[in-house]
Every structure is written in C-alpha cells, then in structure tokens.
Amino acid sequence: VSVSGCVMSFAAKGSVYSPCDGEITALTQGEDGKYTIEITHSTKFKTVIRGIDYAYQELGSSVYGKIPLGYSLGENVELCFYGENGELITSYTVDNETDQVIWEV
C-alpha cells in the first residue's frame, strides 16, 4: 500500500473491503470494465475506490468493513477519502505493517 497525493494505491489480487460501514451511493463501470464505487459513511465522510474488477454489491447496498465489496485481479486499485463539502482528506498515513489507516488529529 502506498499513499501519494492523498491517493492510496495497491496492486494485489484479492478481496477489497470498505474502510468502515456505509452505503454505496455511486457505482459505475468504466470502458475498461473496472468499477468505481463511492461509499458514503456519514454526511461528512465518504470513500471512493477505483479499479475493482468485480463488484459484489449494488447501488444503495449497505457495506461493512469486514465483508468484501469487490475483488481485484491484481492491477492498480486506488482509494480516496472525502470530507465535508467534498474536500479530499489529506491528514492520514498508512501503517504498512498492518495496512491500517492512521488519522492525523
């Protein structure tokens, strides 16, 4: 997992999870066949995941942090966090030992 310009990226084959519980508020499939999923966690926090090969959920579905929402065949997947008024959240890092997000307060 790497973070560059507040975009988290990884290239690994396997299941893709939401960072926390939420609802799928946008789900699109690009011309390349890959999915972009927007997950709204609250009125002030959402996640956008791009580059998923298979989406397990539908628009409006509830998602949970411990249940996969899609699958990657091992190519680049990107994840961004957005806050209130749609601003990109930049105050975090990723612990590469645990793959956990560490929020800067």
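This is a predicted model: local features need pLDDT of at least 70, side-chain atom pairs count only at pLDDT 80 or more; totals for chains, interfaces and linings use all residues.
Reader: How should I read charged side chains, and how many salt bridges does the structure hold?

Author: The general idea is that side chains of opposite charge can pair when their charged atoms come close. In this structure there are three salt bridges. One of them joins the side chains of Lys 34 and Asp 53, at 2.5 Å from N to O, and it connects distant parts of the chain, since Lys 34 sits in the loop between β4 (22–29) and β5 while Asp 53 sits in the loop between β6 and β7, 19 residues apart.

Reader: Are Lys 34 and Asp 53 buried or exposed?

Author: Lys 34 has a relative accessibility of 15% and therefore counts as buried, and Asp 53, at 13%, is buried as well. Taken together, Lys 34, Asp 53 and Glu 75 form a network of salt bridges.

Reader: Which side chains meet in the salt bridge that involves Lys 46, and over which ring does Lys 46 lie?

Author: The partner of Lys 46 is Glu 38, and the distance from N to O is 3.1 Å. Glu 38, with 19% relative accessibility, counts as buried, whereas Lys 46, with 25%, counts as partly exposed. Lys 46 also lies over the face of Tyr 82, 5.7 Å from the ring centre.

Reader: What describes a pair of aromatic rings, and how many such pairs does a search of the whole structure find?

Author: A pair of aromatic rings is described by two things, the distance of the centres and the angle of the planes. The search finds five aromatic pairs here. Among them are Phe 45 and Trp 103, whose ring centres are 5.9 Å apart and whose planes meet at 80°, so the pair is edge-to-face. Phe 45 belongs to strand β6 (residues 45–52) and Trp 103 to strand β12 (residues 100–103), so this pair links parts of the chain that are 58 residues apart. Phe 45 is buried at 18% relative accessible area, while Trp 103, at 38%, is partly exposed.

Reader: How are the rings of Tyr 92 and Trp 103 arranged?

Author: Their centres are 5.7 Å apart and their planes stand at 55°, so the pair is tilted. Tyr 92 lies in strand β11 (residues 92–95) and Trp 103 in strand β12, so parts eleven residues apart in sequence are tied together. Tyr 92 is buried, with 4% relative accessibility. Phe 45, Phe 81, Tyr 92 and Trp 103 make up one aromatic cluster.

Reader: Which residues touch the most other members of the largest nonpolar core?

Author: That core has 17 residues, and those touching the most other members are Ile 49, Ile 52, Leu 69 and Phe 81. Strands β5 (35–42), β6, β10 (77–82) and β11 each supply at least two residues of this core. Beyond its neighbours within four places in sequence, Leu 69 has contacts that include Val 16, Ile 37, Ile 49, Tyr 54 and Val 63.

Reader: How do strands of a sheet pair, and in what order do the three strands of the open sheet stand?

Author: Strands of a sheet pair through backbone hydrogen bonds, in either a parallel or an antiparallel way. The order here is β3-β9-β7, with antiparallel pairing, and the edge strands, β3 (13–17) and β7 (54–55), each pair on one side only. Between β3 and strand β9 (residues 68–73) there are five bridges, with Lys 13 opposite Leu 73 and Val 16 opposite Gly 70. Between β7 and β9 there are two bridges, and Gly 70 is the bridge partner of Ala 55.

Definitions and conventions:
Residues are numbered from 1 along each chain as its sequence is written. Side-chain values use heavy atoms; hydrogens and water are left out. Rings of Phe, Tyr and Trp (its six-membered ring) pair if their centres lie within 6.5 Å; planes under 30 degrees apart count as stacked, over 60 as edge-to-face and the rest as tilted. Helices (H or I, at least four residues) and strands (E, at least two) are DSSP runs, numbered from the N terminus. Buried means under 20% relative accessible area, exposed over 50%, partly exposed in between (1.4 Å probe, protein chains only). A charge sits over a ring if NZ of Lys or CZ of Arg is within 6 Å of the ring centre and within 35 degrees of the ring normal. Two strands pair if DSSP finds at least two bridges between them. A nonpolar core is a set of buried Ala, Val, Leu, Ile, Met, Phe, Trp, Tyr and Cys residues joined through side-chain atoms within 4.5 Å. Contact means heavy atoms within 4.5 Å. A salt bridge is a side-chain nitrogen of Lys or Arg within 4 Å of a carboxyl oxygen of Asp or Glu.
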